[in-house]
Each structure stands twice: as structure tokens, then as C-alpha cells.
Amino acid sequence: MNRLITAAAGGLLALFSMYWDDSLHTDVGRDTFWSAPHVLLYGSLLVTLAATAWWGAGRIRGRGLRAAATDPLLRWAAVSAGAIGVSAPADEAWHTTFGRDAVLWSPPHLLAIIATFALAVTLLRAIAAEGGGGSLVLGSGLVLAASLAPVMEYESDVPQYSAVWFLPAAGTGITLAIVLIRRFDPHPWAVTRAALVVTAVRLAVLPVLAGLGYSTPIVPPVLLVALAADLVRRWRTSSWWLALIVPFAVHAAYVPLLAVLPHGTTVAADQIVPSLLVSLGSSALVVLAAEGLPHTRLPVIRTAGLTVAALTLALPLLSAGRAAAHDPGQGAEAGEAHWRTTVRGSRIDVTVAPEPGVSGRAVLVARRAGQELSGPLEPFGNGVYRGDITVPEPGRWFVYAAFPDDNGPTTTETWIPVEAGSSQLLHEARPLYVPPAPQKDDVGRTTATVALYGLSAAILLAVARSGRRTPLPQG
């Protein structure tokens with residue numbers, strides 16, 4: 001049991017390091033493999049994988065090699081650990097072949113997230129199989145925390161896509177986590193206990209990142225959602241009630257808090273109804289995938305519902321362009337740029353002095369959540385450029401100064417994050433770099449995307465149905 005507790009604790013530490021790494025990219029830009037959050041991330045993952053392997057070796061010794069070959073827990077430990085191992089070289093190959101990609105939902109990144117979630121579920125199952133007890137709280141907390149990893153950028157106010165996808169993605173993960181926690185943790189308040197772990201870990205993250213001088217994520221109000229789910233379970237045990245309760249609870253808990261919490265992506269009033277409708281469909285898909293409709297004799301209805309829900313969930317991925325609004329600054333460094341940025345509400349005024357100096361035209365670009373606004377940067381003498389831009393909504397925007405080469409295709413650029421809707425005066429030196437040429441979509445990229453997304457979907461579906469014995473009562 002101690003090995004499993006060590007593995008689960010390492011998993012929670014790895015999730016913390018992901019938020020640290022995200023803050024470093026947001027505030028500073030590109031970092032090296034040996035940056036502190038990277039070292040902590042890979043070190044904690046190694047601890048988790050080593051402790052899991054140690055537990056697996058003991059299970060093999062106790063059961064014998066032949067029996068161990070049919071052990072579902074050992075198979076799942078191998079699959080999830082293998083997928084995590086595959087995701088790292090896949091990500092490196094993706095960047096090498098197709099260029100920069102700072103999108104959390106890119107195929108290799110999503111594979112790593114889902115593999116981590118699969119490993120968390122495996123650890124919860126293993127803890128339950130070994131007697132559970134109080135250790136189930138740690139395993140359930142890890143599962144719920146891992147389910148929120150896909151919305152990490154929304155929780156840090158660096159959205160790659162429209163805010164309308166934030167709460168559906170969060171609700172989908174929370175719904176699946178609740179189904180699986182209930183499946184393996186019999187405690188009547190299992191989900192609430194898990195949410196307490198998630199809340200405590202996130203509260204611990206804030207002072208650490210703030211003390212290091214980095215921006216912080218929100219503390220997600222999952223405790224309110226968990227309480228609602230556990231309370232409803234006392235009079236309705238069917239998981240199908242989660243398809244209603246979780247989307248409404250998520251929106252009721254998140255929407256008012258996002259309006260006042262710093263560094264959370266706000267959901268606008270005109271986005272709430274579409275967000276809720278997509279959430280209802282995605283949560284229903286999760287319950288259908290995890291529990292099925294055991295009493296139906298109409299497979300056509302089941303198939304049609306699954307297809308519609310799957311297409312609904314795929315919309316943010318299918319409609320996503322190649323995002324550049326959370327760019328860690330990949331590219332060959334070409335110098336340094338000195339920024340003086342003033343933010344007054346929605347207006348952003350900038351003065352940029354690139355070193356070495358450039359000549360010719362320059363462009364000011366502001367990006368956020370798939371939106372892109374541009375305006376001129378006018379030379380002001382002595383290699384200084386000035387410009388301003390007005391953005392349509394508050395939140396963190398990434399402001400770029402781009403200097404195209406009139407004699408060739410090369411562009412030099414630099415960027416800085418700003419908080420629109422506030423009053424800021426920033427004086428910073430930021431990297432000046434030459435970004436790699438954008439890669440065109442081709443057969444190779446499409447094939448790799450389908451393969452990696454397909455592998456992620458297969459793992460996720462198998463995890464949703466793992467350990468399922470009999471259908472839950474319908475009531």
C-alpha cells in the first residue's frame with residue numbers, strides 16, 4: 001500500500017509542476033528542458049512510475065507470472081505508463097516535423113494528459129483492491145485533479161480557444177471522474193472527499209507560484225459540484241443523473257466566481273446557454289460511454305446518441321486553428337526588445353525598441369482565445385516603434401511586435417502578456433526571435449493527428465469502462 005500512496009503523491013506533485021510550467025511559459029516565455037518545473041515534473045513522474053512498477057513487481061511475485069498476465073490492474077498500469085512514455089518522444093517528433101505548437105489540446109499533449117488520467121484511475125483501482133481505507137481519498141483526489149488538467153490554460157486565463165468550451169471541457173472531465181470514483185470508492189461522500197484534496201492542493205499551489213513571482217491559476221470550485229453530486233446520490237443512485245447535475249452545478253459554481261477571481265477565463269453572458277447545452281451533451285456522452293444503456297433494446301438510438309455527442313465534443317478540436325496566443329517563444333533568438341507597455345482598460349499602448357535595430361514596417365498584434373487584432377507600429381526614431389490597439393474584452397492578451405523583412409520572407413518578433421481591463425505600466429526586456437516558418441497542413445500531419453487522437457480516445461473509452469461489473473440501478 002505504501003508504494004501506491006507514494007505513486008499517488010508523486011502524481012499530485014506532477015500536476016502541480018504542470019501549473020508551474022504553464023505559468024513560466026505565460027510570464028517568461030521559452031524555457032529549457034532543465035528548467036525547475038520540468039525537472040520537478042519529470043522527477044515526480046519517475047517517482048510515480050517507479051513506485052507503480054515496484055507495486056507491480058510485488059503483485060507478480062505474489063500471484064505468479066501466469067496469473068499476473070491476466071491481471072487487469074497490471075495490464076492497465078503497463079498501458080498507461082507506456083502511453084506516458086510514448087507521448088514525450090511523440091511531442092518532440094511533432095515539434096520537429098510540424099513546427100511550434102503551444103496548444104494544450106494538440107495530439108501529443110492530449111495523449112500525455114489522458115495517459116496520466118488513466119494511470120491515476122489505475123492507482124485508485126489498485127488502492128481499492130488492496131483494502132482501500134483512508135488511502136482511497138488520495139487516489140480519488142488524484143483522479144479528480146487529473147480530470148481538470150485539460151482546462152489548465154482556461155484556469156490560468158491563457159485560453160487558446162473560445163471561452164464557450166471551458167465549462168463543457170471541465171464538466172466532461174468532472175463527470176467521468178465522479179463515475180470512476182464512485183465505482184471504486186464506496187464511501188458515501190467519496191466525491192466530496194476527493195474535491196477537498198483537489199482544493200487543498202490548489203490552495204497550496206497559489207502561495208508557491210505567487211512567491212516565485214509567477215501568475216497563479218484559480219482554485220476551481222469543484223467542492224460545490226462534488227457536494228451537489230453526493231447529495232443527489234442519496235436519493236438518485238443512477239449515474240445518468242450526473243448528466244444533469246454536473247453541468248448545472250459546474251455553471252452555477254464557476255460562472256459567478258470566474259467574474260471575480262483573478263486569472264480565470266470569464267464566460268460571457270451570451271456564452272452561458274451554448275456552454276450549458278454542450279455540457280449536457282458531453283456529460284451524457286461520458287455516462288453513456290462509462291455505463292451504457294443496459295436496458296435499451298434500441299441500439300440505433302444508442303448509436304445515434306453517441307455519434308451526435310461525439311461530434312459535439314469534437315467541435316473545439318475540429319474548429320481549432322493553429323494557436324499562437326500562448327506562445328512560449330520558440331525560434332532562433334535574434335536579440336532583445338525593450339518594451340514599455342501601458343494598459344488602460346481596453347486600450348494597450350506600447351513602445352518597443354528592438355536590439356539590434358530593425359528598419360522598415362512593423363506590425364502590432366494582440367491575440368487571445370482564437371481572436372487576432374492588428375495595427376501598425378510606427379517608427380519614432382532611434383530604433384523605437386510606437387503603437388496602440390484596443391481589445392474587445394478583458395483578460396490576458398498576448399501582444400506581439402512583428403518586424404517583417406522587406407527583402408525576404410523572414411519575420412522577427414517579440415511578445416509580452418498584458419491584462420486588459422486593468423491599469424498596468426510594464427517595463428520589460430523580452431526575447432527577440434525569428435519564428436520557424438509555419439508548416440502547411442499535409443497528409444503526414446493529418447495522419448499523425450488522427451492516429452494520436454484515436455489512441456487517446458481509445459484509452460479514454462477503455463478507462464471509462466474499466467472495472468465495470470454490473471449496471472448501476474436505474475432510478
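Start with the largest cavity, which holds about 120 Å³ of space. A cavity here is a set of points, on a 1 Å grid over the protein atoms alone, where a 1.4 Å probe fits but cannot get out. Its volume is the space filled by probe spheres set on the points, with grid points joined across faces, edges and corners. This is a predicted model, in which local features need pLDDT of at least 70 and side-chain atom pairs count only at pLDDT 80 or more, while totals for chains, interfaces and linings use all residues. Residues are numbered from 1 along each chain as its sequence is written, and side-chain values use heavy atoms, with hydrogens and water left out.

Select the lining of the largest cavity (residues with an atom within 4 Å of a point): Leu12, Leu15, Phe16, Tyr19, Ala145, Ala149, Val198, Val201, Arg202 and Val205.

Next, select Gly11, Ala14, Leu45, Thr48, Ile84, Thr116, Leu119, Ala120, Leu123 and Leu142, which line the second largest cavity. Its volume is about 70 Å³. Helix α5 (107-129) gives the most to this lining, with four residues.

Finally, colour by pLDDT, the predictor's confidence in each residue, from 0 to 100. The protein averages 83. Confidence is highest in helix α8 (residues 166-184), at a mean of 95, and lowest in helix α13 (residues 299-318), at 51. Over residues 317-323 the pLDDT is below 50.

Terms used. Helices (H or I, at least four residues) and strands (E, at least two) are DSSP runs, numbered from the N terminus. Contact means heavy atoms within 4.5 Å. On a 1 Å grid over the protein atoms alone, a cavity is a set of points where a 1.4 Å probe fits but cannot get out, and a pocket is an open set with protein on both sides within 12 Å along at least five of seven lines; lining residues have an atom within 4 Å of a point.
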